[in-house]
Each structure stands twice: as structure tokens, then as C-alpha cells.
Amino acid sequence: MANVTDLQSKYSKLAQEYSKLRAQNQVLKKAVVDEQTASCSLKDELKQKEQSLRKVEQEMDSLSFRNQQLTKRVELLQEELLLSESKSKKSDSPSQVSLQTQNVFDEDLQKKIQENERLHIQFHEADEQFRRQEAQLRVRLDQLEKESEQHQAVVDALNRKYTDAIEKLQNDKALLEVRDTFTCWKPIVFISRAAQQQLRKYQSEVSSQLKHSSSVIQEKVPFNDTQLSDYNSLNVPLHNRRHQLKARDVAAQALGFVQSLVSALLNLHSYTEQRVHIYPLDSSIEAISPVNLKFSQYLHENASYLRPLEEDLLQLHHSITEDSITALETLVKLQDFSRSFSSYSSFLQKILPYQLQSLEEDCEASLCTAALASKNRQLQKDMKKLTAVFQKLKSYVALLALPSECVTLISANAVFTQMSACLHGLHDAATELSQHYSQKASLEQGLPTVTQKLCTTNECLLSSLASLTNSCGKVQSESVPYREALANRHVLTSSTESREGLMQQVAQSQEKISRLEQEKEHWLLEAQLGQVRLQKEIQRIAQLEAQITTGHPPETHSAADGPDPMCADAPEPLQDTSVIGMLTITPCSESAADQESREHLIKHHYMSRVSEITAQLQMCDSKAVHFHAECRAVAKRLAMAEKSRETLTEELKLAHQNITRLQDELSTTKRSYEDQLSMMSDHLCSMNDTLSKQRDEIDSLKLASKVRPPRKCIISIL
């Protein structure tokens, strides 16, 4: 215990020393910071003094240049004075006026000389003062840097000392904690031993109960087939084909609803993107705002979020077959649909702020009326409501797509009930959105600056909203009364029972139609044969009449004239049925020539039919090849058009970026030119002033030189 108290006292002393050193460290840090700020201020002051020195040097250069000009001017004036003196010596006596002007000139020259000397003296004094201040500041800066280095060394030493002290204190603290825990472990050890004894007791009781239960099961249960894999393989799950058909029908209906919904949403996002580029600013004339530009870029990606919805649900519909067992736990494709729906809901959340800001920009337009602004506010509320409904639907679809152990039948029914209510809310939100946008479009149509492009885009948006409302309204099935549903069921049952009879009637009707077609071909052939016989009989009668008129006896009936009409005991005709038609063969004692002519006619008929069918087949083949080639060409054109559209879109984006960059460069260049022009104009004004002053001085000096008596001037240039 004494050691523990000593350690605690040492620990408290170390803590007190640490707090003192920490306070001293804070003071030293503050002093170092103050010295650093002072050195920074002195550096700034030094920079200002250097700037003032440069300014004074520039003034000195200008004064020296001015002094040189004045010196040259004085020399010229002295030369003129000498010339005037030489001229005045020749003259008899100077006039009184020239003496007065010469005196004035001498006074002005003396003033200029005195002013020049005064300026030189001031310049030298300012230069000496600046140098003294610069030397003082440099000495002060060196002192401060040395003090800062000393303070930094002290701070580093203190930090090292503090770190050593902190490490020592931490080690002491760890030792104290170990000792404290060792002193506290004794009751814990006793408690753990008692718990281990109770655990052994409970284990012995459970093992005895397990042995008793296993013995009872072995003695009392005569037959248990769950332990044999051969018997377990015979446990075939129930398969209800009617349930499968119903599930497939429901999936097909859901697929149709989702396809119509996806189509409507695609049109809505695309036409919204088109409207953003038209109103309130036309992107073809001037650049749109950054919010609308970002909004249009996000809207351009809508197909990448909507198309997977349709594709995943189509895969889900294909996975439901009559041979499989359909339940929520077997619908693996439902998870893919849930992920796609979640991504689209996140897409709506992402574009919602930009959509609201875009509507705010519509309200801030110059021609926006109060009624139009109120409609924009209503549209903002509608868009928020629509996005919230999609968020709820995402949650319900995600619940249905959870694994089977997480979703029971009761919870699934509750989820479907809530989803139905949410779908009704979706229809209400789409209806309100369509109504408010229709009112907004009618108000915008009355604006004086409305364009045909905006009107067309608004009409397309209204049609897409109408299709969205219709597709959302398909989930609202009308209820049917019980008696009417029972009667419809009886009718459906009776019609199902008579389905086989109707199928048999259809088959019989098809056979009858084929038989009638064959008979039609037969009678067409018989008509042709009868026409040929009629022509032969007409020819034979004409020949007989000609023979009778000429007096020749009629010839006996030859075999070439056709069959004998008086042929008795004629057998029954025979029928030959083929794919082309049906031919009736009437056996009779015909001549060989008549038979050959008949065979020739039949052959001619069949050949003509074959040639017609071959021509039709060739025509169909050629049309099919032509259509196939056209389809391939159109597909290639479509691919090329898509590629060109993408390239043109990228080029258009680059062109817009270049335009904005060039506009910025033009504005900056214009501002810089304006600043330079203003500076040059000021400089020109000052130069004009100085030139005018110099001209005045030169004129005054000329006048003075004309009237001043000859005198030599000496100018000292410093």
C-alpha cells in the first residue's frame, strides 16, 4: 500500500509539473506567434519602403532627365544670347524694353535653378532617411529571426522533455492499472469458478436427459425415414400447373404495365431535356444557365436507368415456366429488378434539385406572370410528391426481393397491400402533374415571345404525361359483383368445355375448304377440256357441212375426231386427286389420237400451273432477298446514324464549351483593352498637358531671350 501511495503522489506531482510546463509552453508558443506576426509586419513594411524607394528613384530619374532637358535648353538660350549680344554690339544703344525682359528672364532662370537645387536636396535627404530606416529594419529583422530561432529551440527542447515525461507517466499509469486489476481479479476468479461448477452440473443434467430421450425414441418410434437419403429423395414438392399459369399471366401483365410506364417516362425525360434547351433561354442563340446545362446532362442519361427495368422484368417473365415452381423465394430475377428500380429512384432523387431550380429560373424570367409562377410552384410540389412515391415503391420492391427467411406470407401480403396503395398514389401524383402542366402550357401559349418550337415541345410533354397517367391508371382494376362474376365463371366453364368441339369444327371446315379448292381446280380443268372439245366439234360440224354442200359423202367417224358420243355401256369415270387439283378420267373407247390430245392438254395444264407457282415462288424469293438487303442497309444506316449522332453530340458539346471559353476570353480581352485605352488616354492627356506647359515655357524663354541683354549663365547640375 505504501508503494501505491508513493506512486500516486509521484503521479500527482508529475501531473502538476506537466500542467505547469504545458502552461509555459502555451506562453512560449504565443510569444513565438507574436514574434512571427511582428516579423511578417516588418517584412511588409520593408516591402513598402522598397516600393517607396523605387518610386523615389523613378522620380529622381525623371528629375535628372528634366534637368538635362533644361540644361540643353539653357545652352541653346545661351547661344542665342551670345548671338543677340553680338548683334547688340553692332547696334548703337539697347532699348529699355529689352533690358526689362532680360531682367525677367534672369529672375525666372534663377528661380528654376533654386527649385532644382531644392529638389536635389530633398531627394538626397529622402534617400538617406530611407537607407537609415532600411538598415534599422534589417537589424531588427535579424534580431527577430535570431529570437525566433532561440524560441523554436526552446520549444523543441520542451516538447522532447514533455514527451519523455508523458511516456514515463503512461508507463506508471499502466503499472498502476495492472496492480489495480490484479487486486480486483480475486472476487472475479471466485465467481468464474462457481459459474464453471454450475456449467458442469447443467451439462451433466442435459446429457442425462439426451440419453433418456434418445432411448425413448429408439424404443417407441418404430419407423423413421428421415435419416435415410433414399427415402428423403422421394419427397417431391407439390406442383400446381394452374398456379404457374396464373403466375405467368400476372408477370405478363406486370411486364406490360412496366413497359408502358418506361415508355412514358422515357418520353417525359427526353422532352423535358428538349424544353430545358428552349426555355427560358434558347441554347441555339445564347448559352443556358449552368443549372439547366447540368440538368440536361443528367436527363440525357435516363435511358441507362429505365431500360434495365424493362429488361429485368422481361427476364423475370421468361424465368416463370410451367415446369418450374414459382414463389417469392425462387424468383432470383426479382432482386435484379429491385436493384434497377432502386437505381432509377436514386436518379430521380439526383435530378430533383436541378428540376426545382430550373422551375425557379422559369419564375425569374422577365415575362413570367404571377399565375405562371404559381403553376411553377405547384409543379415543384408535384415533382417532390412523385419522387417520394417512387422512393416508397423502391422500399416495397426491395422488401419483396429479400431472401425467403426474411419475408413470410403475412408480411408479403402486407407489402403487396401497401404497394397497391402506393401505386394509387402514383396515379394521383401523375394526374395532378399532368393537369398543372396543361394549365402551365396554356398560360405560356399566351405569352408574346412564345415560339413554335416551345409549343411543339409542350404538346409532346403533355402527351407523354397523358400516357404516364394512363399507364399508372392500369393498376386500378374495376371490381365485379359476385353474381356477375359467378355467371361469367359459368360461361367461361361452358366455353372451355366446348373448346374441343370448336377445334374439331375448325379442322373439319379446313378439310372442307381444301376439298372445295381441289374440286375448283378439277372443274376449271374440265371446263378447259370441254372448251377444247367444243372447238373440235365446231370444226367437225363445219367440215361436215362443207362436205354436204360439195356433194361428197360424209366420212366415217375417225379416232381423231374425239370420242364416240353414242358409245354404249360406258364405265363410271375415275378421279385422280393431287396437290395441284383433282382430275376426272372417264374411260371410254377413245382413239389413240384423242388420248394423246387429252394427255397433251393435261400436261399443258400442269406445266402452266407449275410455271405459275415457280414464278410466284421466285417472285417471293426475290422480294424476300430484296427486303432482307433493305433491312440490312437500313440497319447499317441506323448504326451509322447513331454513331454520327453521338459524334455530332460530342462535337456540339465541345463547340458549346469552346464558345463559352472564347466568350470569356473575349470579355477579358475587351476589359483589358478598355483598361489599356483608358490608361493611354490618361497618359496622353498628361503628355499633352506637359507639352503645352513646355511650349509655353519655350515661348516665354524665346520672348525673354529676344529682350534680355547678353549675359552668361552657369548652371550646376547635381
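These legends walk you through several close-up views of one predicted model.

**Before you start: how to read the views.** Residues are numbered from 1 along each chain as its sequence is written. Because the model is predicted, local features need pLDDT of at least 70 and side-chain atom pairs count only at pLDDT 80 or more, while totals for chains, interfaces and linings use all residues, and side-chain values use heavy atoms, with hydrogens and water left out.

**View 1. The whole chain comes before the details.** The protein chain has 13 helices and two strands; these are DSSP runs, numbered from the N terminus, with helices being H or I of at least four residues and strands being E of at least two. Of the 718 residues in the protein chain, 22% are buried. Here, buried means under 20% relative accessible area, exposed means over 50%, and partly exposed lies in between, using a 1.4 Å probe and protein chains only. Take the contacts between residues at least 6 apart in sequence: 81% of them join residues at least 24 apart. A contact means heavy atoms within 4.5 Å.

**View 2. Helix α5 meets helix α7.** The axes of α5 and α7 come within 9 Å and cross at roughly 145°. Axes are lines fitted to C-alpha atoms, for helices over the stretch in contact, and angles run from 0 to 180 degrees between N-to-C directions. The crossing of α5 past α7 is left-handed, a label used if the near helix is turned anticlockwise from the far one by less than a right angle (right-handed if clockwise). Residues of α5 in this meeting include Val-291, Asn-292, Phe-295 and Tyr-298, while those of α7 include Ile-351, Tyr-354, Ser-358 and Glu-361. By class, the contact of α5 with α7 has seven nonpolar, four polar and three charged residues. Ala, Val, Leu, Ile, Met, Phe, Trp, Tyr, Cys and Pro count as nonpolar, Asp, Glu, Lys and Arg as charged, and the others, Gly among them, as polar.

**View 3. Look in on Asn-292.** You will find Asn-292 in helix α5, which covers residues 290-299. Asn-292 counts as buried because its relative accessibility is 2%. The side chain of Asn-292 makes a polar contact of 2.9 Å with the side chain of Glu-361, and a polar contact of 2.9 Å also joins the side chains of Asn-292 and Ser-358. A polar contact is a pair of N or O atoms within 3.5 Å; within protein, one must be able to donate a hydrogen and the other to accept it, and residues adjacent in sequence count only if both atoms are side-chain atoms. Setting aside neighbours within four places in sequence, Asn-292 is in contact with Val-276, Pro-280, Ser-358 and Glu-361. Asn-292 and Tyr-354 are 62 residues apart in sequence, and their C-alpha atoms are 7.2 Å apart in space.

View 4. The structure holds six aromatic pairs. Rings of Phe, Tyr and Trp (its six-membered ring) pair if their centres lie within 6.5 Å; planes under 30 degrees apart count as stacked, over 60 as edge-to-face and the rest as tilted. Tyr-298 and Tyr-354 form an edge-to-face pair, with 5.3 Å from centre to centre and 65° between the planes. This pair links distant parts of the chain, with Tyr-298 in α5 and Tyr-354 in α7 (residues 333-363), 56 residues apart. Tyr-298 is buried because its relative accessible area is 17%, whereas Tyr-354, at 24%, is partly exposed.

Tyr-344 and Phe-390 also form an edge-to-face pair, at 5.6 Å centre to centre and 80° between the planes. That pair joins distant parts of the chain too: Tyr-344 is in α7 and Phe-390 is in α8 (residues 370-400), 46 residues apart. Tyr-344 is buried at 1% relative accessibility, and Phe-390 is buried at 3%.

**View 5. Thr-272 sits in helix α4.** This helix covers residues 241-276. With 13% relative accessibility, Thr-272 counts as buried. Leaving aside neighbours within four places in sequence, Thr-272 is in contact with Phe-295, Leu-299 and Leu-461.
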